[in-house]
Amino acid sequence: MKIAVCLKRVPDTGSKLAIAADGTSVDEAGVKFVPNPYDEFALEAAIALKEAAGAGETVVVTLGPDAAQETLRSALAMGLDRAVHLQGSGSADALAVAQALAAELAGFDLVLFGKMAVDDYNHATGPMVAELLGLPCITAVSMLEVSGGTVVAEREIEGGVETVTCALPAVVTCEKGLNTPRLPSLKGIMAAKKKPLDVKPASVPAAAVAVTGLALPPERQAGRIVGEGPDAVPALIELLRTEAKVL
Amino acid sequence: MRILVIAEHREQALRGVSHELLAAARALDAGASVDALLCAPGPVAGAESLGAHGADRVLLATHAGFARSNPDGLTAVVASLAPQYAVVLFAASATGRDVAPRVAARLRRPLASDATSLAMAGDALTAVRPVHAGKILQTVTVAGVPAIATVRPGAYQAVSAGKAGTVERSRCRRSSSGSP
């Protein structure tokens with residue numbers, strides 16, 4: 001089985017972020033970049049599926065600047081077989097990214113993505129690639145089994161879990177809880193330096209989604225005591241529903 | 001302006017997020033002609049409430065394949081209707097996040113995803129969306145029609161419009177039993 005994993009390099013979720021002088025991008029100075037955490041579930045799934053099958057090939061693909069090669073090496077250190085770096089800058093337009101990736105992802109039995117990137121929150125590139133390649137797609141899976149050319153997956157839906165099947169080739173996007181991504185071993189890190197990493201220019205169409213501004217969210221307000229005892233419960237529930245919008 | 005709202009149900013009971021999408025549509029353009037689409041295996045309990053929450057028409061597309069999650073069928077139905085509309089709104093739900101990108105890719109249209117606020121700026125749809133785990137609010141613009149967006153559940157509050165909509169039923173001819 002040939003498995004591809006799409007990986008994005010994103011700012012560490014713990015970083016403090018500032019808006020750049022242009023007003024439409026994040027200031028990258030001093031920001032630590034990491035593999036997108038949801039993509040790590042996809043990387044682990046690819047390695048585990050190949051281990052279970054005892055054969056196959058796993059390829060990690062990224063679209064990004066030269067610095068993204070470091071992220072690819074970390075995936076190779078986890079255990080992926082080879083890497084492809086599509087050299088170029090990403091886009092706020094998920095369809096443009098999907099178009100740039102799709103050609104590279106044709107011919108695989110399984111294409112894995114994280115369910116979303118923690119920087120742009122788009123949740124879109126995986127299903128868009130599936131559509132462009134004419135493949136079935138199962139999004140946000142928390143359980144994945146592949147056997148005999150069939151995918152069985154569980155996806156979290158509001159208030160439940162749904163079990164979905166489809167035939168290979170397919171695209172699957174990975175949710176938290178799917179697995180525990182392994183840490184690279186020292187041997188893996190050494191081996192990664194010798195694994196093939198192809199570099200190609202990316203062909204990213206012009207973005208049809210324009211970022212016109214970034215803003216910092218309003219400051220968090222101080223906590224508020226609604227009341228005490230059982231009498232305060234209805235008011236609290238009302239505020240959680242109408243003001244905090246968490247119910 | 002014509003707006004299509006992709007309403008949702010679970011086992012043929014309307015999901016509340018459908019009303020929120022109608023509120024988002026009315027906030028975009030109070031005078032818009034708003035249609036709500038439901039794809040289901042049969043009647044949906046609560047479908048009539050869509051009219052009272054801002055839908056001018058409820059389009060009920062029935063097919064046995066919609067008895068369970070069916071992104072292929074839903075993508076086909078929405079993609080066939082979408083070109084008639086200026087704006088198509090999905091919830092940023094398990095279903096909406098699954099189907100909206102596929103519809104957008106099929107129509108080669110951009111997607112404004114996970115919006116918490118929408119506005120029209122001339123012909124362009126502007127969406128405010130939390131990014132970087134909510135540490136930054138990004139404003140994006142998509143030009144052209146149809147403008148496709150997903151709206152975060154809870155971002156808009158359902159508004160009662162105090163009128164009834166009409167429910168139009170049509171059976172899907174397309175075989176859409178394939179799952180997903």
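**Figure 1. The loop between strands S9 and S10 of chain A, with Pro169(A).** In this predicted model, Pro169(A) sits in the loop that runs between S9 (160-167) and S10 of chain A. The peptide bond joining Leu168(A) to Pro169(A) is cis, with omega at about -5°. Most peptide bonds are trans.

Figure 2. Pro146(B) belongs to the loop between S10 and strand S11 (147-151) of chain B.

**Figure 3. Ala140(A) in strand S7 of chain A.** Strand S7 of chain A covers residues 137-147 and includes Ala140(A). Phi of Ala140(A) is near 55°, which is positive although the residue is not glycine. Most residues other than glycine have a negative phi.

**Figure 4. The hairpin of S8(B) and S9(B).** Strand S8 of chain B (residues 117-121) pairs with S9(B) in the antiparallel sense, over 5 bridges. Within this pairing, Ala121(B) has Ala124(B) in S9(B) as its bridge partner. The hairpin leaves 2 residues between the strands. Gly122(B), in the turn, has a positive phi of about 70°.

**Figure 5. An aromatic pair in helix H1 of chain A.** The search of the whole structure, over all chains, gives 1 aromatic pair. Tyr38(A) and Phe41(A) make up this pair, with ring centres 6.1 Å apart and planes at 65°, an edge-to-face arrangement. Both residues lie in H1 (residues 37-53) of chain A. They are 3 residues apart, about one turn of the helix.

**Figure 6. The salt bridge between Glu51(A) and Arg182(A).** Over all chains, the structure has 22 salt bridges. In one of them, the side chains of Glu51(A) and Arg182(A) meet at 2.8 Å, N to O. Glu51(A) is part of helix H1 of chain A, while Arg182(A) is in the loop between strand S10 (170-174) and helix H5 (186-192) of chain A, so the pair ties together parts 131 residues apart in sequence.

**Figure 7. The contact between chain B and chain A.** Chain A contributes 48 residues to the contact and chain B contributes 41 residues. About 3,600 Å² is buried between the two chains, and carbon and sulfur atoms give 52% of this area. The interface holds 20 residue pairs in polar contact, with both residues at pLDDT 80 or more. On the side of chain B that touches chain A, the elements giving two or more residues are helix H4 (94-106), strand S7 (111-115), strand S9 (124-131) and strand S10 (136-142) of chain B. H4(B) gives the most to this side, with 8 residues. By class, this side of chain B has 16 nonpolar, 12 polar and 13 charged residues.

Figure 8. Side chains of opposite charge can pair when their charged atoms come close.

**Figure 9. Strand pairing between the chains.** Strand S12 of chain A (residues 209-215) and S10(B) pair in the antiparallel sense over 6 bridges. Leu214(A) has Gln138(B) as its bridge partner in S10(B). S10(B) is also among the elements that give two or more residues to the side of chain B touching chain A.

Definitions and conventions
Residues numbered from 1 in each chain as written. Chains lettered and ligands numbered in written order. Heavy atoms only, no water. Contact = heavy atoms within 4.5 Å. Buried area = accessible area lost by both parts, 1.4 Å probe. Polar contact = N/O pair within 3.5 Å; in protein donor to acceptor, adjacent residues only side chain to side chain. Helix = DSSP H or I, 4+ residues; strand = E, 2+ residues; numbered from the N terminus. Nonpolar A, V, L, I, M, F, W, Y, C, P; charged D, E, K, R; others polar. Pairing = 2+ DSSP bridges. Phe/Tyr/Trp six-rings, centres within 6.5 Å; stacked < 30°, edge-to-face > 60°. Salt bridge = Lys/Arg side-chain N within 4 Å of Asp/Glu carboxyl O.
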